[in-house]
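Try each task with the structure in view before you read its solution.

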Amino acid sequence: MAQRDAERFERIVLPHLDDAYTLARYLLRDEHDAQDVVQDAVLRALRYFDGYRDGDARAWLLAIVRNCCLTWQRRHRGDRVTVPFADEVAERISDPRETDALAIQRSDRAMLERAVAALPTEFREVIVLREVEGLSYKEISDVVGAPMGTVMSRLARARKRLASALGIDAREAS
Amino acid sequence: MRCADCRDAITAYVDGELLGEEQRDVDEHLASCAECRSEYDIAAETSRTLKEGLVRYAAPDVLKARIRSALAQPSAFEPPVPLPRRSWPRLAAAGFLIAAASSALTFSAMRPGSTRRAATNDILASHIRSLMPGHLVDVASTDQHNVKPWFNGRIDVSPEVPRLDSIGFPLVGGRVDYVGGRPVPAVVYGRRQHMINVFSWPTTDASALAPSVSTENGYHLVHWRNGGMELWAVSDLNVAELRQFIDAFSRAEASPER
């Protein structure tokens with residue numbers, strides 16, 4: 001590949017590294033695994049770059065990252081115990097210098113992270129792509145390779161689970 | 001609009017994915033149906049909570065550095081090479097780095113050899129290998145008080161791990177690697193997108209040796225000797241900044257802050 005293509009790759013694909021890493025962090029629930037998989041995904045993207053024409057570079061990269069995450073999970077299933085976010089979160093909560101309001105805010109956030117981490121992958125990925133990365137249904141459908149109707153119904157079911165895990169359904173109904 | 005149709009449309013309504021007409025239908029229905037309205041409130045509140053509460057992560061500098069150095073390899077655009085050394089299935093895509101390392105070795109091996117030559121080969125290969133996914137550090141920490149004790153029990157050499165972040169060389173971590181057939185500590189520092197590996201091991205040669213720079217395959221290697229230790233640093237950082245690093249490192253090494 002020519003130097004110009006390398007520059008084009010850096011210009012078009014690398015700006016989406018934060019999004020790629022965010023998706024991998026949520027899917028793999030581990031900082032180091034996420035780094036390894038994103039690096040692998042970017043290098044794969046580089047090799048497939050010939051096949052990339054114009055279009056949504058972010059969705060294109062995220063689709064590769066997602067596939068690499070799923071492959072990684074299949075290979076490493078059960079070979080280690082991951083404690084998603086919990087240690088990090090517990091550390092933050094137990095900081096005695098924190099004010100009560102901040103501590104409550106943090107414990108809300110911890111609960112939110114746990115609730116999302118507990119979702120099955122197919123729900124978690126649509127939630128992250130929609131609520132964190134702000135993708136449209138069309139883009140999500142491209143990333144996860146499912147029709148838009150499926151994306152919508154997964155989002156609906158994922159939000160229902162989260163609403164009940166976070167007590168939002170009870171609060172709103174009262 | 002019937003309630004059942006409204007419930008089906010609520011998710012897309014919350015996400016602003018409905019067309020104008022559909023959206024107006026839902027608007028009208030929600031204005032007159034308390035049950036659907038409550039369903040909508042729950043979905044909207046859940047979405048808002050997630051949008052506000054979930055963290056959007058930034059790709060760490062170490063990751064960016066690893067990607068940039070991998071992209072800088074001329075063979076990065078070529079198909080993956082099968083791994084000749086060990087089975088690292090998840091690292092298959094990084095095979096080209098090993099290929100780069102081994103071609104560096106082959107190239108060097110054809111020249112007149114010496115122990116210094118062999119050390120250079122190992123150090124360069126180790127540096128390149130360290131840039132592969134998952135190989136940079138075994139202990140990742142920006143705190144010297146985590147990195148230094150980590151080597152205890154893993155290796156009989158206790159490397160110097162000075163703090164250099166105040167002058168722009170943050171500590172990244174450490175690992176054990178092989179140079180000249182024996183395990184040696186590698187301490188890793190960062191500078192923007194660049195990584196610096198520092199290797200050290202004891203020597204019987206008591207004379208001091210001022211740092212000297214050589215360049216191999218685009219990487220700079222610096223060798224010096226001090227206080228009965230052989231020290232090597234390797235990086236693709238420019239020579240001027242690398243010298244600045246070595247200068248600060250060896251000064252800190254001579255007068256360790258504890």
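**Exercise 1: Finding partners in the sheet**

Task: find the residue in strand 3 of chain B that is the bridge partner of Leu171(B), and then describe how the two strands pair.

Solution. Start at Leu171(B): its bridge partner in strand 3 of chain B is Tyr189(B). Keep in mind that this model is predicted. Next, widen the view to both strands. Strand 2 (residues 171-179) and strand 3 (residues 182-191) of chain B are antiparallel, and eight bridges connect them.

Now see what packs here. Helix 4 (residues 61-71) of chain B lies across strand 2, strand 3 and strand 4 (194-202) of chain B, at about 105 degrees to strand 3. Helix 7 (residues 144-151) of chain B also packs on the sheet, where it touches strand 1, strand 2 and strand 3 of chain B. The direction of helix 7 makes about 20 degrees with that of strand 2 of chain B.

**Exercise 2: The whole sheet**

Task: work out the order of the seven strands in the open sheet of chain B, and say why strand 1 and strand 5 of chain B each have one side without a neighbour.

Solution. The order is 1-2-3-4-7-6-5, with antiparallel pairing. Strand 1 (139-140) and strand 5 (209-216) of chain B are at the edges and have a single partner strand each, so one side of each lacks a neighbour in the sheet.

Six bridges pair strand 5 with strand 6 (residues 219-226) of chain B in the antiparallel sense, and Ser212(B) stands opposite His223(B) in strand 6. These strands form a hairpin with two residues between them, and Asn217(B) in the turn has a positive phi of about 50 degrees.

**Exercise 3: Where the chains meet**

Task: which helix of chain A gives the largest share of the side that touches chain B?

Solution. Begin with the totals: 39 residues of chain A are in contact with 36 residues of chain B. Several helices of chain A give two or more residues to this side, including helix 2 (17-28), helix 3 (31-47) and helix 4 (57-76). The largest share, ten residues, comes from helix 3 of chain A. By class, this side of chain A has 22 nonpolar, three polar and 14 charged residues.

Take a closer look at helix 2 of chain A. Ten of its twelve residues are buried, among them Tyr21(A), Leu23(A) and Arg25(A). From first C-alpha to last, helix 2 of chain A reaches 16 Å, close to the 16 Å expected. After helix 2 of chain A comes Arg29(A), with a positive phi near 55 degrees.

**Exercise 4: Reading the confidence**

Task: where in chain B is confidence lowest, and where is it highest?

Solution. Chain B has a mean pLDDT of 80, and 81% of its residues reach 70 or more. Confidence is lowest in helix 5 (residues 95-109) of chain B, at a mean of 48, and highest in helix 3 (residues 34-53) of chain B, at 95. Residues 79-95 of chain B have pLDDT below 50, and residues 104-113 of chain B stay under 50. Where pLDDT is low, the predicted coordinates should not be read in detail. For the model as a whole, the scores are ipTM 0.85 and pTM 0.57.

Definitions and conventions
Residues are numbered from 1 along each chain as its sequence is written. Chains are lettered from A and ligands numbered from 1 in the order in which they are written. This is a predicted model: local features need pLDDT of at least 70, side-chain atom pairs count only at pLDDT 80 or more; totals for chains, interfaces and linings use all residues. Two residues are in contact if their C-beta atoms, placed from the backbone, lie within 7 Å. Helices (H or I, at least four residues) and strands (E, at least two) are DSSP runs, numbered from the N terminus. Ala, Val, Leu, Ile, Met, Phe, Trp, Tyr, Cys and Pro count as nonpolar, Asp, Glu, Lys and Arg as charged, and the others, Gly among them, as polar. Two strands pair if DSSP finds at least two bridges between them. Axes are lines fitted to C-alpha atoms, for helices over the stretch in contact, and angles run from 0 to 180 degrees between N-to-C directions. pLDDT is the predictor's confidence in each residue, from 0 to 100. The expected span of a helix is 1.5 Å times one less than its number of residues. A residue is buried if 20 or more other C-beta atoms lie within 10 Å of its own, exposed if 12 or fewer, and partly exposed in between; C-beta atoms are placed from the backbone.
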